Structures are given as structure tokens and as C-alpha cells.
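Student: I have a new model open and would like to learn how to read it. Could you walk me through it?

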Protein chains: 2
Amino acid sequence: MNSNLNFIKEVLPFWNALDANQKRFLLDKLTERCFIGGQSIHDGEECTGLILVKSGQLRSFILSESGKEITLFQLFEGDVCILSSSCIMRNITFDIQVEAEKNSEILIMPASVFKRLSDENPAVKGFQAEITAARLSDVMWVVEQVVFMSMDKRLANFLLEQASVEGVDELSITHDVIARHMGTAREVISRMLKYFENEGLVILSRGKVTIVDRKGLMGISKTD
Amino acid sequence: MNSNLNFIKEVLPFWNALDANQKRFLLDKLTERCFIGGQSIHDGEECTGLILVKSGQLRSFILSESGKEITLFQLFEGDVCILSSSCIMRNITFDIQVEAEKNSEILIMPASVFKRLSDENPAVKGFQAEITAARLSDVMWVVEQVVFMSMDKRLANFLLEQASVEGVDELSITHDVIARHMGTAREVISRMLKYFENEGLVILSRGKVTIVDRKGLMGISKTD
């Protein structure tokens with residue numbers, strides 16, 4: 001597990017505040033796991049623990065009883081997800097799902113381990129408050145998007161953001177996957193993408209959306 | 001300020017973990033204020049501090065650039081709002097508004113005072129993590145409502161909840177106020193209320209919505 005030491009020091013800002021016993025305890029209890037793109041990591045029923053992303057890309061989302069989804073936030077290398085250990089957080093009354101969007105390597109710190117460290121060490125408790133606040137900001141962003149923005153703006157934003165994450169303008173993504181990210185129906189996305197294509201902003205092909213007029217999309221994403 | 005001591009002990013679970021100096025410091029720095037219904041308490045620009053509700057009813061909401069609103073949560077006697085001191089919370093990247101819905105008495109703990117106590121005392125830091133998590137749950141509830149529920153369900157839920165809060169079936173509330181709670185346009189609410197009236201669920205009159213078929217509304221609030 002020592003091969004992960006540098007990574008852990010980087011992503012857990014409380015590392016230096018731990019005493020030798022706490023450091024050993026933490027390292028002993030971490031497990032390393034791999035997931036392939038599309039695989040579920042946390043389904044909201046179990047208390048997985050803290051997720052530390054070593055490589056890859058994860059997505060956190062909520063699921064309605066009728067199977068509708070919306071993405072809350074994405075996780076990249078160096079990100080930490082605390083909501084997958086909600087069982088140790090009083091006042092968390094919802095369940096999230098986490099899945100790998102790409103092949104990913106993660107470290108899992110069991111919820112009970114994090115709880116013990118957080119109870120023992122104020123620096124860990126402070127980290128808990130901070131990443132909870134960060135996730136609250138993520139979810140507030142979702143509220144602002146959904147409540148205040150029209151679907152064309154949201155879709156333009158989404159495409160530009162994914163292109164920026166991927167570093168390419170040709171996105172390998174289906175209309176269904178976009179709909180599940182954005183919490184809407186596939187038909188709504190297909191109709192809007194067709195409109196974007198007619199306006200010369202994107203080109204659609206099987207399983208792909210290619211941005212051809214980035215400036216035009218940015219214009220849409222900013223209109224009020 | 002000693003007249004508030006019992007109230008403070010009740011709403012701040014970390015009180016007993018403070019030492020004598022910290023207790024005196026906290027009591028010295030609290031200020032008591034009154035607001036009349038409709039008055040703004042926190043407009044998101046200043047860092048008001050922690051709000052402790054002694055009596056009355058407050059509403060926290062976000063406001064879009066174009067003036068649209070949606071309620072995030074309501075605050076009642078004994079509730080504490082931390083988001084009005086977001087300036088001391090790293091990772092909080094949004095601004096909320098807080099207004100009095102009814103005449104309210106509140107205590108304000110300046111953000112700097114809370115920060116000092118939270119830095120000094122792990123119990124205060126733990127409280128910070130807990131109420132941040134509670135607000136995250138509130139906001140997640142808003143996401144679930146907005147993304148997964150149709151407007152008729154949401155409106156039925158809203159009317160039933162307000163009736164339960166007020167303890168009466170005759171709600172003194174305008175269509176505009178309902179729309180601002182729910183993050184939609186007044187026209188949408190008026191149309192839906194008219195439909196509810198035609199179905200014999202409510203009676204509408206100037207500035208009032210009266211629930212006449214509670215069971216029928218509950219039926220709507222639960223349909224999928």
C-alpha cells in the first residue's frame with residue numbers, strides 16, 4: 001500500500017495532522033479497486049466508504065423510483081467522494097449512486113475508518129466539513145441549472161464542458177447518456193441536438209456528437 | 001443576553017463542550033434582532049453570520065440574474081442557518097438569500113466568532129459538518145422534486161406541507177409567492193391551481209388558497 005503514499009498525502013490534506021498510529025491505521029484499512037467504464041461502484045444501499053480517485057472518471061447521480069437520473073457531479077483523478085459514506089454522516093437523508101464512466105482505479109477508505117479518524121482528529125473533522133460544503137456547492141449548481149436555465153442553454157453548457165474534460169470536440173456519447181446526465185428524457189435531447197445540427201453548431205452521427213461551432217454554442221450557453 | 005442562555009444551550013449542541021472563556025466570548029458577541037414578515041435578513045452579499053431562529057419563520061432561497069427564485073428550505077424556531085456565513089466556509093461557491101416570512105426574532109453569531117470557535121473546538125467543527133450535511137439534504141430534496149416530479153405533484157405537496165406548517169387549511173398566500181417558492185412562473189401556478197379548483201380539491205379566493213379535499217391532494221402528491 002506504500003506505493004499509494006504520495007497520492008494519499010496529496011488528496012488527504014489532513015495527512016500531516018495524523019499521528020503515527022492513525023497513519024498506520026489508515027494505510028492498513030485502505031483497499032484498492034478497479035472498475036471498468038459503466039460499472040456501478042456505489043449503489044446507495046451499502047455504505048461503501050470514502051472514495052479516492054487514483055485514475056479514471058466517475059459520475060455521482062441520483063435515481064428516481066421510475067428510473068430517471070440526474071448527474072450531481074463528476075469525479076476525476078485526485079477527487080474524494082464522501083457521500084458514498086453517508087451512513088456515518090448524521091443528517092444525510094438521501095442516497096446517491098456512483099459509477100465509473102471510464103476505466104478507473106480507486107482507493108476506498110471504509111466508512112468506519114473515516115469516522116474513527118474524524119472523531120479522534122479535528123483536522124479530519126475539518127476535512128469532512130469542507131468536502132461536504134464542496135458537494136453542497138456542486139448540488140446547488142445543479143439546482144441553478146435546472147431551475148433557472150432553459151434546456152438549450154443547459155445542453156450547450158454540457159457539450160462544452162464535456163469537450164473541455166475530454167480535450168476533444170468529437171464526443172463519444174449517446175443521446176440517452178446525455179439525457180441521464182441532465183435529468184431529462186432522451187426525446188428532449190434528440191430534438192434539441194437536431195435543432196443544434198440544423199443551426200450548424202454540431203454534427204450528429206451514431207453514438208457521437210461533434211462540436212463544429214464552439215463559438216455558437218458558447219453564445220447559446222450565455223443567452224438569458 | 002443571559003435571557004437567551006436556555007435557548008442557546010438547546011440549539012447549539014456544542015455548548016457543553018465549550019470552556020468558560022469560549023462560552024463568555026460567544027454570549028458577548030451574539031446580537032438579537034427582529035424582522036418583520038417580508039424583510040430581507042441576508043442578501044448573499046454580506047457575510048451575516050450564523051442565524052439562530054428564536055421565533056417566527058424564515059425562508060432561504062436563491063435568486064437568478066433575471067429575478068427568478070426558488071426556496072431551498074424554511075427555518076423555524078430552534079433552527080440554525082450556517083449558509084449565511086458562507087464567507088468562512090471554503091468551498092461554498094454560491095450565495096443564498098434569507099428573508100423573514102413572518103415576524104421573527106433571531107440571534108446572529110458573527111461569522112468570525114463562529115470561525116474562531118470552530119477552529120479552537122472540535123465539537124464546534126463537528127456541528128459545522130453536521131449542519132452543512134443537513135442543508136445538503138435539504139437541497140438534494142429540492143433537486144429530487146424539481147427533476148423527478150411533475151408540477152401537479154409538487155404543488156399538491158407544497159400546499160399540504162404549508163397547511164401542516166400553519167396548522168390550517170386556509171392558506172393566506174398569493175400565486176406569485178407560491179411560484180417564487182417553487183422556482184416557476186406565476187402563470188404556471190395559476191393554471192394548475194385552477195385545475196385543482198375544477199377538480200374540487202381547493203377553493204381559490206383573493207390572496208387565499210383553501211384546501212377542501214386533503215385526501216384528493218394527497219392522492220396527487222403520490223402518483224408517479
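Tutor: Happy to! Two strands count as paired if DSSP finds at least two bridges between them. Keep in mind that this is a predicted model.

Student: Which strands make up the open sheet of three strands in chain B, and in what order?

Tutor: The order is 9-11-10, and the pairing is antiparallel. Strand 9 (170-172) and strand 10 (202-205) of chain B are the edge strands, each pairing on one side only. From one strand to the next, the twist averages 20°.

Student: How many bridges join strand 10 of chain B to strand 11 of chain B?

Tutor: Four bridges join them, and strand 11 covers residues 208-211. For one residue to look at, take Ile203(B): its bridge partner in strand 11 of chain B is Thr210(B).

Student: Which helix lies across strand 10 and strand 11 of chain B?

Tutor: That is helix 7 (residues 186-198) of chain B, which runs at about 125° to strand 10 of chain B.

Student: Now for helices. How do I read which side of a helix a residue points to?

Tutor: An α-helix has 3.6 residues a turn, so residues three or four places apart point the same way. The axes of helix 2 (residues 20-29) and helix 3 (residues 111-120) of chain B come within 10 Å and cross at roughly 165°. That angle makes helix 2 of chain B roughly antiparallel to helix 3 of chain B. Helix 2 of chain B contributes Gln22(B), Leu26(B) and Lys29(B) to the contact, while helix 3 of chain B contributes Val113(B), Leu117(B) and Glu120(B).

Student: Is the crossing of helix 2 and helix 3 of chain B left-handed or right-handed?

Tutor: Helix 2 of chain B passes helix 3 of chain B in a left-handed crossing.

Student: What span does helix 4 of chain B reach from its first C-alpha to its last?

Tutor: Helix 4 (residues 122-148) of chain B reaches 38 Å with its 27 residues, close to the 39 Å expected at 1.5 Å a residue.

Student: Why is helix 4 of chain B described as largely enclosed?

Tutor: Because 19 of its 27 residues are buried, helix 4 of chain B is largely enclosed by the rest of the structure.

Student: And how many helices and strands are there in chain A?

Tutor: Chain A has eight helices and 11 strands. Its C-alpha atoms fill a box of roughly 65 × 35 × 30 Å along the principal axes. Of the 224 residues of chain A, 37% count as buried. Among contacts in chain A with a separation of 6 or more, 70% come from residues 24 or more positions apart.

How values were computed
Residues are numbered from 1 along each chain as its sequence is written. Chains are lettered from A and ligands numbered from 1 in the order in which they are written. This is a predicted model: local features need pLDDT of at least 70, side-chain atom pairs count only at pLDDT 80 or more; totals for chains, interfaces and linings use all residues. Helices (H or I, at least four residues) and strands (E, at least two) are DSSP runs, numbered from the N terminus. Axes are lines fitted to C-alpha atoms, for helices over the stretch in contact, and angles run from 0 to 180 degrees between N-to-C directions. Two residues are in contact if their C-beta atoms, placed from the backbone, lie within 7 Å. The expected span of a helix is 1.5 Å times one less than its number of residues. A residue is buried if 20 or more other C-beta atoms lie within 10 Å of its own, exposed if 12 or fewer, and partly exposed in between; C-beta atoms are placed from the backbone. Angles under 35 degrees count as roughly parallel, over 145 as roughly antiparallel, 65 to 115 as roughly perpendicular and the rest as oblique. A crossing is left-handed if the near helix is turned anticlockwise from the far one by less than a right angle, and right-handed if clockwise.
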